[in-house]
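My entries follow in the order in which I checked them.

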Amino acid sequence: MHVGKSDSFLSDALVLAWQMLAQNDADSPPYDDAGEFSLLGDRYHQLLSLDLAEPLPIEEAVRHARAAAVAFFRAGVVRHKLLLLQEIMERFDAKGDVGDPPPVLSDRAGKFAYSDSHKDAAERHYAAAVALAPDFAEALYNLAVLARASGDREKALRLFRLAAGARPHPGAKPHSHFVANALWNVATLQRELGLVDAAIDSYMRALNLLDNFGVHHLELATFLHDLGRLDEAAMHYERIMPYSHLYAAEFVEPNYAEDERQPLDPAGNPLSPFAATMIQKIDGRGCIYYWWHLYLLVPHGSRPIDAATLERSWLSVETSLVDVPLRRVRRWRTSWRLRAATSLEALHHQIGMPGR
Amino acid sequence: MERANLPTLLSPQNLPALARRAKVRYRIATTATDRLRIMAWPIFERLSKTVEVEFVTEREAPDITYHVEWHHQSIATARAEGAFWLLVPPDVAWSEGSFAHVADAIEAGKLAIAKPYLRVISESCLPEIAALGKRGDIIPIQSGDLVRIGVRHMHPLTSSAFVLGRHGRPSLEAIWRVPGEGVVFRHMVRELFAFDPTRITPTHLWYAGDGCTIGDFHIVTDSDDMFMLSFAPLLKETSLYNSNHAVTPMDLARQSLHPMNDTPLTSDFARRGARLHYGPMTEVPWQRVERRADAFIGRAIVMREALRIWTALSGRDCSQASRLISVALQSTALAKRWRHDGPVTVFVPNDAAFEQLETEASRSLLAREAASRLLRVALNHIVPVACEIPFRGQANYATLGGGKIRVDASPAGLRLNGHETQLVETIEVPPNRILIVDRWIIDEADIPVRAAAHCS
């Protein structure tokens, strides 16, 4: 088996980062503002240091933190996508009645397979990414998207501004139009908040980077129309007459660098983020499992893996490495996550699908 | 293919029924390695006993575009042999009886068939269908049951076409629920599932091309006739969705004009909906939902035609009129108020005609508070017939806005509503016609014309 990232240090670091975030999970969201991002970053680095025999040079530590941030970001994107899909199904579901079969996506994925909501999980993962790499533009953007969906316009505006000003991932795909989209969202929020001049200015900055925002472009034409800026409104109505698609930037993931990729199976295919898969043995300590783009250190893991084994191992490693008393609610959540992972893994095996 | 396609395809009223009525060759494009794997499936033995099977293993590592390329090769082969061609994807499940009905349609003289289908989540739906039989068994699924499975495992790619949804996607489809009974499905255009390639030339994506009429087609309108589920991984094409934007008639119109989707028969296809139902239908709720669907699709068809007209005006010194059309289409109830289903003639004043208006007159039509005036102006330039050109003698046309256009054509020239007018150009946008004229022909209460312009 090939492992895209074979550095056991990174694996340990991710385990610790995951555990650290899990501690916050039961009490409150793991971030609230830039101060808490920074606090999480500090705690991450403290934990990193505790686990090392010798301290890493700063540059090295930053590099590892960046790779870990990408792992969290990707975990967040998966849950964010599931959130979107679930929301699509909810409206459809709501218009059915007792004679209709309940769609599995809202029935099962939303209420059974995941103990936490996709929104909470995505937010938590993105926050972790930002904690590890505070200038992670894509993670800031995606957090902003979630904040906007929650109705917190001011927070969303802050985050979109940060995203627009941060450096996009070096592998960002051109069709994500990342900065243009961030500026467009800034403009939309300013408009909604009644900041007319600022909104116009932001729209113009966005249009300097991209001249057509697909179905969303109508909002600018309508806005200008309402303001009585008739010639400009007409120009934008006309601009969007032909078909033009704008991809959802939050889901156009960058081309990740080699050390940011998922582990690969022997055929060179990325491992499924949904399936808990053993990827590396560490003498005297156990095995590293890959799951949800995270790496779990499982002492003395056995194969074939089952939910109970992984759950016991997970609980023991959490206790032994971090030495924090577990709360019942967290144990329950962990248990459900693991069951979901192993049942999905079984499903993939059963239907003979590749990991992804 | 092993777990759902072949077990449902080989049910008694599907491929076996078709094979009893016609010679069938089942061609599989795959790699040499997978050919061996397929031949080892228990279900393959049933397939090879039912129809002649031919493998095409010309590539060892085909890329994603190969299947389109290969289908077109396969169409060419069928054409050369004078055979009907059927598109039977590997990642689908069929309702029992679909292929017997294919035979019925062919025997009835139809040249092509288009059928509806639902996309379902492969990760959850495939195991459920596979569990209906043992490995190698055939699995007959009645259409009502398959629709029920389809709704249960509905893929967000399909439910994003729900007109009351939260998030949409670029779509050629729209769906409505009939609570407790099923779904009304409407397409702007559908892929051809089967056709006679000697008579029909398909587009790149297997839509109907030129050279045929809607009467040549069997368009499935009821899932009891033919129906299919198409499997797709849950996270497929996630970046395509339009967040916080449900599908609109304008979306359908725009998407239908994408060069890959545009066909001469789009408006005819769009007028035909499909009922996908679990069992017996209660007529009243179905008709109620269908009326809503008709209104929605009707607006999409009008918008499509308006977009075609707007596109045809490009580069013809009609920039002012183009601008008004785009504002009227997107900010007024133009499509809703367009109560005509058929060819139209549109009188379009050119830019020179706008020079005859009082200063700011045409700009004033753009204002929010002028929306009803703009709508009236637009509709009063449209008559619900394809006018005979050149004009001869006198004729009166009622416009869609309730006005009238009086035509006086004589050797001395053309007069519209009493004013000397030059017909600058005639453009055909089948089935519609555009007449570019050099003056306004409408009520001055709606748009004031300079005094000098009346001296004719």
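The model is a predicted one.

**Entry 1**

I began with strand 17 of chain B and strand 18 (residues 419-421) of chain B, which pair in the antiparallel sense over three bridges. Leu414(B) stands opposite Thr421(B) of strand 18 of chain B. The hairpin of these two strands has two residues between them, and I noted a positive phi near 50° at Asn417(B).

Next I looked at strand 16 (residues 404-410) of chain B, which is antiparallel to strand 17 of chain B, with four bridges. Here Leu416(B) is the bridge partner of Val407(B). I found a hairpin of two residues joining strand 16 of chain B to strand 17 of chain B.

Which residues of strand 17 of chain B lie on the covered face, and which on the uncovered one? Leu414(B) and Leu416(B) form the covered face, while Gly413(B) and Arg415(B) form the uncovered one.

**Entry 2: a four-stranded sheet, chain B**

I then traced an open sheet in chain B, with strand order 3-9-5-10 and mixed pairing. Its edge strands are strand 3 (85-86) and strand 10 (217-219) of chain B, each of which pairs on one side only. I followed strand 10 of chain B to strand 5 (residues 112-114) of chain B: the two run parallel and are joined by three bridges. In one of the pairs I looked up, Ile219(B) of strand 10 is the bridge partner of Ala114(B).

**Entry 3: helices 6 and 7, chain A**

I checked how helix 6 (residues 137-149) of chain A packs on helix 7 (residues 153-165) of chain A: the angle is about 160°, and the axes are 8 Å apart. Among the contact residues I listed Leu140(A), Tyr141(A) and Leu143(A) from helix 6 of chain A, and Leu159(A), Phe160(A) and Leu162(A) from helix 7 of chain A.

**Entry 4: cysteines**

How many disulfides are there over all chains? The count is zero. For Cys318(B), the nearest cysteine sulfur is that of Cys387(B), 17 Å away. Cys318(B) counts as buried, at 2% relative accessibility. Cys387(B) is also buried, with a relative accessible area of 1%.

Technical notes:
Residues numbered from 1 in each chain as written. Chains lettered and ligands numbered in written order. Predicted model: local features only at pLDDT ≥ 70, side-chain atom pairs only at ≥ 80, totals over all residues. Heavy atoms only, no water. Pairing = 2+ DSSP bridges. Disulfide = S-S within 2.5 Å. Buried < 20%, exposed > 50% of the residue type's maximum accessible area, 1.4 Å probe, protein only. Axes fitted to C-alpha atoms, helices over the stretch in contact; angles between N-to-C directions. Contact = heavy atoms within 4.5 Å.
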